[in-house]
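Hi,

Here is the structure I said I would pass on to you.

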Amino acid sequence: MKYFAIFGNPVSHSKSPLMHNLVFRGLNFKGCYGRYLLKDGKKLREKFLELGLDGINITVPHKEEAYLACDHLDPFAKRVGAVNTIVNRDGKLYGYNTDALGFLKAIDEFQDIKKVLFLGAGGTARSTSSILRDEGYIVTILNRSEARLKSFKDDGFETYTFNDFIPEKYDLVINMTSAGLEDDSLPAPKGILDRVIPSVKACVDVIYGKETPFLKLAKFYSKPTKDGSDMLLYQGIIASEYFMNNLYNFEDIEPKMKRAFN
Ligand code: NDP
């Protein structure tokens, strides 16, 4: 039996145990996936090994700590400094980032998109902004506080806080924050969103399983919306491929994992 879990804080809302257990059961893979409330991200490696796990996913707010906890990093994870999937191979921790690829696949349905505004500058914004730029999108980052913007600025992104933001016309605006996950807050002041949303083609939220205040506002402006469910599904499928050592491919895993969303 192989043991897996999701580490995060909060973690009780996570669909990952259901998604992965349905895959293990559906493919007759001897695996079991649970959840672990990790309060102190610095203890991630210690807890992983203490619990005798074979692999984990990492959710908010520990993706940067997860990156630091690995012995080996996939080149993309190394570049973006955020890890959401770790596999234990002979006591060494191998880190990957499946969020970014999952996100890219999830926004594939939106056509003629060039300029994208990110609300938020955490681990998820870091990985997804990089992959979007690799794919030719122009990404602007708007964050509540200054500190997290530095690495984006150093990496050549246009960055703003709420205080110095100069809105332009964007094709897509994406909530990359955890605002609305556990509370009813908007990811940016309403005055800013009221200036940005009316001219975008669509609004996307990475939060899944609920209609956030951000998506409600987008609907008020009659914009097409999308929540984080597809991103969650696709990042989960790619993580599952790693967990099962590529014994099964994307097409094998997708129908099993999708049942978690029915
Ligand atoms: P981090 O903790 O790394 O970053 C959080 C970000 O949210 C920071 O930019 C922070 O701003 C901002 N923020 C938090 N609360 C507020 C608020 N009330 N108002 C404005 N800004 C706020 O988180 P992650 O990047 O790991 O995750 C971000 C979101 O993405 C989470 O909601 C997570 O659930 C979701 N997610 C969804 C996935 C999916 O598959 N659908 C996959 C991965 C993540 P500041 O710097 O000022 O603190």
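This is a predicted model: local features need pLDDT of at least 70, side-chain atom pairs count only at pLDDT 80 or more; totals for chains, interfaces and linings use all residues.

Residues are numbered from 1 along each chain as its sequence is written, and side-chain values use heavy atoms, with hydrogens and water left out.

**The sheet.** Helices (H or I, at least four residues) and strands (E, at least two) are DSSP runs, numbered from the N terminus. Strands of a sheet pair through backbone hydrogen bonds, either parallel or antiparallel. Here, 6 strands make an open sheet with parallel pairing, in the order β9-β8-β7-β10-β11-β12; two strands count as paired if DSSP finds at least two bridges between them. At the edges sit β9 (158–161) and β12 (225–226), each pairing on one side only. Further in, β7 (residues 115–119) pairs with β8 over 5 bridges, in the parallel sense. Across that pair, L117 stands opposite T140 in β8.

Helix α9 (residues 213–220) packs on this sheet and touches β7, β10 (172–175), β11 (202–205) and β12. Touching, or contact, means heavy atoms within 4.5 Å.

**Two crossing helices.** The axes of α10 (residues 229–243) and α11 (residues 250–258) come within 9 Å and cross at roughly 125 degrees. Axes are lines fitted to C-alpha atoms, for helices over the stretch in contact, and angles run from 0 to 180 degrees between N-to-C directions. The two helices are therefore oblique to each other, the class left over once angles under 35 degrees (roughly parallel), over 145 (roughly antiparallel) and 65 to 115 (roughly perpendicular) are taken out. Among the residues that meet are L233 and I237 in α10, and F250 and M257 in α11.

**A covered helix.** In α5 (residues 99–106), 6 of the 8 residues are buried. Buried means under 20% relative accessible area, exposed over 50%, and partly exposed in between (1.4 Å probe, protein chains only). The buried ones include F103 and L104.

**A loop residue.** E146 lies in the loop between β8 (138–143) and α7 (149–154). Is E146 buried, partly exposed or exposed? E146 counts as partly exposed because its relative accessibility is 43%. Not counting residues up to four places away in sequence, E146 touches K153 and T161.
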